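Please examine the sequence and the structure shown below.

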Amino acid sequence: MKTLSIHDFPIPANLRAAAVLVPVFRDAAGELQVVMVRRTAFGVHGGQLAFPGGKPEPHDAADLWATARREAFEEIGLPTTSVALLAALPAVPMPSGFRISPFLGRIERPAAWQRQASEVDEVLEIPLRHLVAPATHTEEIWELPGWPGPRQVPFYRVGPEGNYPLWGASYRIIQPLLPRLLAGEWAF
């Protein structure tokens, strides 16, 4: 019997809105870097890599771009004035019941990241060249609690010694974006 893909999970009919910022900057050496967070160990996404983001709040005025910037400020201390919108990316519907609206933003990197310790264990700056290296991308069969059976999961190995899998929604957001970023579609 063929192993199902992680993309074979059913998507609920009524999805709740969420937004994330995909923060990208060029470092002092001129290399493109993407900023991600590693979530704290609690909750359904505990320990996973993610882009800063979350659910809209009333004062976001139903503007998911505002949600993404607010969440980035709350989670990693990125001032909203340090983010320039480059693109609203295609929404990603998830089996968890959310429709994630990702926004690509060129950022001015702060002198130091100010992570929200209750939600973020670590802020990572990941070179895009690392993500496109063939040895970084892989697939494995996983079976996590709550899953109806094993699934083939594509992911990138990132972090110290490549011990953090970048998978799920974050993978679905960054994977089609990589060639566009490296082709220079947006100015940095």
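Which residues does F51 touch, not counting residues up to four places away in sequence? In this predicted model, local features need pLDDT of at least 70 and side-chain atom pairs count only at pLDDT 80 or more, while totals for chains, interfaces and linings use all residues. Residues are numbered from 1 along each chain as its sequence is written, and side-chain values use heavy atoms, with hydrogens and water left out.

With contact meaning heavy atoms within 4.5 Å, F51 touches V20, L21, V22, P23, V34, V35, M36, R39, S170, I173 and I174. F51 lies in the loop between strand 4 (49–50) and strand 5 (53–54); helices (H or I, at least four residues) and strands (E, at least two) are DSSP runs, numbered from the N terminus. The relative accessible area of F51 is 2%, so F51 is buried; buried means under 20% relative accessible area, exposed over 50%, and partly exposed in between (1.4 Å probe, protein chains only).

Rings of Phe, Tyr and Trp (its six-membered ring) pair if their centres lie within 6.5 Å; planes under 30 degrees apart count as stacked, over 60 as edge-to-face and the rest as tilted. By this rule there are four aromatic pairs. One of them is the tilted pair of W65 and F103, with 5.6 Å centre to centre and 50° between the planes. This pair links distant parts of the chain: W65 belongs to helix 1 (residues 64–76) and F103 to strand 8 (residues 98–107), 38 residues apart. W65 is buried at 13% relative accessible area, and F103 is buried at 9%.

W142 and F155 also form a tilted pair, 5.2 Å centre to centre with 40° between the planes. Both W142 and F155 are buried, and ring pairs link W142, F155 and W167 into a cluster.
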